[in-house]
Amino acid sequence: MQPIIQIDQLSKKYKDAEMYSLVDFSLSINKGQIFGLLGPNGAGKTTLISMLCGLIKPTTGGFSIQNMTYAKNANDIKKIIGVVPQEYALYPTLTARENLMYFGSMYGLKGENLKEKVIESLDFLGLLKFADKRIETFSGGMKRRVNLIAGILHNPQLLFLDEPTVGVDVQSKNVIIDYLKQLNKNGTTIIYTSHHLSEAQDFCTDIAILDRGKIFAEGTPKHLIDSTHNARNLEDVYISLTGKELRDDI
């Protein structure tokens with residue numbers, strides 16, 4: 001199977017930081033996977049995704065996306081990736097339709113193709129009847145669904161998701177997960193971070209558990225559970241590898 005992301009000995013140390021956020025980090029992610037990056041606060045997940053999205057530069061090491069690098073192919077990479085941040089990246093005084101038309105145009109979509117894509121996505125996620133309501137009137141689950149649509153209107157080959165179901169009710173979570181599974185079935189590779197370990201166990205095809213800037217374990221959820229002594233689920237694996245120590249930080 002061909003890697004869509006190849007990471008080779010990637011390290012990152014922020015200015016004035018005492019320790020590295022990532023240390024000689026290597027990983028291959030194949031096309032078609034739903035790959036979960038799991039770990040405690042400070043494990044290095046956000047740093048890794050920020051580099052893969054081209055927001056920050058590595059200290060040492062490197063990576064490629066679809067055999068391309070940001071140094072040589074930044075614009076081409078940006079065309080094939082989608083990013084759905086944990087924070088809502090929406091304009092509250094605009095309607096759902098206006099937000100999505102704007103973000104779609106930023107990706108180069110236009111005309112009837114964009115209009116149809118917006119309607120189709122809103123309908124699939126149960127929001128079509130609210131298309132012309134302002135985002136500031138939406139519940140958290142509704143905002144989360146619009147936030148998701150904004151990141152995938154251009155049909156990205158590679159989608160980065162940061163806590164896509166945080167703060168939503170069970171119904172919204174199920175709709176979002178079903179939508180993401182359909183995207184994956186249609187060919188989108190998904191990189192996913194979450195603290196919802198039961199969700200990750202059911203959703204991800206493959207998982208890497210990170211801590212202190214390194215990978216502690218990698219494999220399918222079943223493999224990780226089966227290879228960990230007395231583990232009944234992914235949470236048991238996670239605690240076994242990362243411990244019970246609190247990771248509070250300021």
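A crossing of two helices is called left-handed if the near helix is turned anticlockwise from the far one by less than a right angle, and right-handed if clockwise. In this predicted model, helix H3 passes helix H4 in a right-handed crossing.

**Helices H3 and H4**

- Helix H3, residues 96-106, packs against helix H4, residues 111-124, at an angle of about 130 degrees, and their axes are 10 Å apart.
- Because angles of 65 to 115 degrees count as roughly perpendicular and those over 145 as roughly antiparallel, this value makes H3 oblique to H4.
- On the H3 side the contact is made by Ala96, Arg97, Leu100, Met101, Gly104 and Ser105, while H4 contributes Leu114, Lys115, Val118, Ile119 and Leu122.

**Nonpolar cores**

- In soluble globular proteins, nonpolar side chains tend to be buried together.
- The largest nonpolar core here has 45 residues, and the members that touch the most others are Leu148 and Leu180.
- Helix H5, residues 140-152, supplies the largest share of this core, namely six residues.
- When residues up to four places away in sequence are not counted, Leu148 touches Val84, Leu125, Leu161, Ile176, Tyr179 and Leu180.
- Another core, of 28 residues, lies apart from this one, and its members include Ile29, Leu37, Met51 and Ile191.

- Strand S9, residues 214-219, runs antiparallel to S8 and is joined to S8 by five bridges, and Leu210 stands opposite Ile215 of S9.
- The hairpin of S8 and S9 has two residues between the strands, and in this hairpin Arg212 takes a positive phi near 55 degrees.

- Three strands form an open sheet in the order S2-S1-S4, with antiparallel pairing; the edge strands, each of which pairs on one side only, are S2, residues 22-30, and S4, residues 60-65.
- Neighbouring strands of this sheet are turned against each other by 10 degrees on average, with direction ignored.
- Strand S1, residues 3-12, pairs with S2 in the antiparallel sense over six bridges, and Leu27 of S2 is the bridge partner of Ile7.
- Helix H1 lies across S1, S2 and S4 and runs at about 120 degrees to S1.
- Thr47 lies in H1, which covers residues 45-52, and counts as buried because its relative accessibility is 9%, where the cut-off for buried is under 20%.
- With neighbours within four places in sequence left aside, Thr47 is in contact with Lys12, Tyr14, Ser21, Leu22 and Ile56.

Conventions. Residues numbered from 1 in each chain as written. Predicted model: local features only at pLDDT ≥ 70, side-chain atom pairs only at ≥ 80, totals over all residues. Heavy atoms only, no water. Core = buried A, V, L, I, M, F, W, Y, C linked by side-chain atoms within 4.5 Å. Buried < 20%, exposed > 50% of the residue type's maximum accessible area, 1.4 Å probe, protein only. Helix = DSSP H or I, 4+ residues; strand = E, 2+ residues; numbered from the N terminus. Contact = heavy atoms within 4.5 Å. Axes fitted to C-alpha atoms, helices over the stretch in contact; angles between N-to-C directions. Parallel < 35°, antiparallel > 145°, perpendicular 65-115°, else oblique. Pairing = 2+ DSSP bridges.
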